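Good morning, and thank you for joining this group meeting.

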Amino acid sequence: MTLRELRNFLKENGFPPFRANQIYRWIYQKLENDPEKFTDLPLSLRKEVKNRFIIPSLKPLYIQRSKLDGTVKYLLQLPDREIIESVIIPDRERRTLCVSSQAGCRMGCKFCYTGKGGWRRNLEPWEIVEQVVVAVKFLKRENLRLTNIVFMGMGEPLDNYENVVKAIKIITEEEGLSISPRRISVSTVGIVPLIKKLIEETGVNLSVSLNAADNDTRSLIMPVNKKYPIESLLQTLKEVEIPRRKRIVIEYVLLKNVNDREKDIENLKKLLRDIPVKINLIPFNPFPGAEFERPDDRAVLEFQRKLIDSGFSVFIRVSKGGDILAACGQLRGAVLNEFPD
Ligand code: SF4
């Protein structure tokens, strides 16, 4: 429940709505799941909460921690035995959690391990929020705080729009986890009709997984492009209202000889000319059975330099967790291969 829903529930059941704030603080700040321990609530309300609600929790099933950079990747098992991944990525003062929004994904991007496995179901709002709670608990043991959240794990967030927006409302609630929308990024392949709505409703940062600069190439590697071609996506990015000094992040997975050619650079320059963007280049992270190769480092740097020379801000996303199964969906795949039941 969002805080507002909880307040309404209390009001309808004869309790003062402000008690909702206390309940939120117990669950999301004190990380307490047992209503009997909500000691500043009257006994009658503690009983009501215990009888009427389930405060669910998830426990990591399997954890991998990178010795190289401290990246922590874990699997969470949902009540129906579906398995999802979350990753905590440390970077100087920041600790970013990458959350999943669906079990599997139906977007079928060809460079993505999760996409190969297909879609199983949408995650419920609580299953998204609980990924954050698990990370907060994990970091708390090390006296660290979670600073940022990216919706870049398994699934396309806008393909599970209502549940993702509700989860964001819960995560950003000041009485609860209190993570500012400015510290949350939602990454989409470009479900055009929902992009503006998402930004208006939540105020989060927007990342768009572009990965090609012409429709033929993009449709080849991202089937969603047949429905929402580049022109419609970029038109929306021109229209979407983002706060001053903020920019839309354009993600571009570099695939050798597929989208890293000279003409791709020229097309990208034309496409992105009038849009406030920051470009993240992501050298492809190969996985078993992948049909693409990673360009060599020199080609990646050259791609970056040519875009910078044309006035763009361009970053190369350093691969984290190189010694663990870091590609999205890869850890889940490995564990299921080993323990199929
Ligand atoms: S890249 Fe994202 S949207 Fe595309 S298949 Fe993978 S999880 Fe889905």
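Let me begin with residue classes: Ala, Val, Leu, Ile, Met, Phe, Trp, Tyr, Cys and Pro count as nonpolar, Asp, Glu, Lys and Arg as charged, and the others, Gly among them, as polar. By these classes, the shell around the ligand holds 6 nonpolar, 4 polar and 1 charged residues.

Please note that this is a predicted model, in which local features need pLDDT of at least 70, side-chain atom pairs count only at pLDDT 80 or more, and totals for chains, interfaces and linings use all residues. Residues are numbered from 1 along each chain as its sequence is written.

Which residues surround the ligand? They are Cys 105, Met 107, Gly 108, Cys 109, Cys 112, Thr 114, Gly 115, Met 154, Gly 155, Glu 156 and Val 189.

I turn to the chain as a whole. The protein chain has 13 helices and 12 strands; helices (H or I, at least four residues) and strands (E, at least two) are DSSP runs, numbered from the N terminus. Its C-alpha atoms fill a box of roughly 70 × 45 × 35 Å along the principal axes. For 341 residues, a compact globule would have a radius of gyration near 20 Å, and the 21 Å of the protein chain agrees with that. The radius is taken over C-alpha atoms, and the globule rule is 2.2 Å times the number of residues to the power 0.38.

Next come the helix pairs. Axes are lines fitted to C-alpha atoms, for helices over the stretch in contact, and angles run from 0 to 180 degrees between N-to-C directions.

Helix H1 (residues 3–12) packs against helix H2 (residues 19–29) at about 130°, with axes 8 Å apart. H1 is therefore oblique to H2: angles under 35 degrees count as roughly parallel, over 145 as roughly antiparallel, 65 to 115 as roughly perpendicular and the rest as oblique. In this pair, Leu 3, Leu 6, Arg 7 and Leu 10 of H1 meet Arg 19, Ala 20, Ile 23 and Tyr 24 of H2, contact meaning C-beta atoms, placed from the backbone, within 7 Å. That contact has 6 nonpolar, no polar and 2 charged residues.

What is the angle between helix H7 (residues 192–202) and helix H10 (residues 230–239)? They pack at about 15°, with axes 9 Å apart, which means that H7 is roughly parallel to H10. Val 192, Ile 195 and Lys 196 of H7 meet Ser 232, Leu 233, Thr 236 and Glu 239 of H10. By class, this contact divides into 3 nonpolar, 2 polar and 2 charged residues.

Terms used:
Two residues are in contact if their C-beta atoms, placed from the backbone, lie within 7 Å. A residue is near a molecule or strand if its C-beta atom, placed from the backbone, lies within 6 Å of it.
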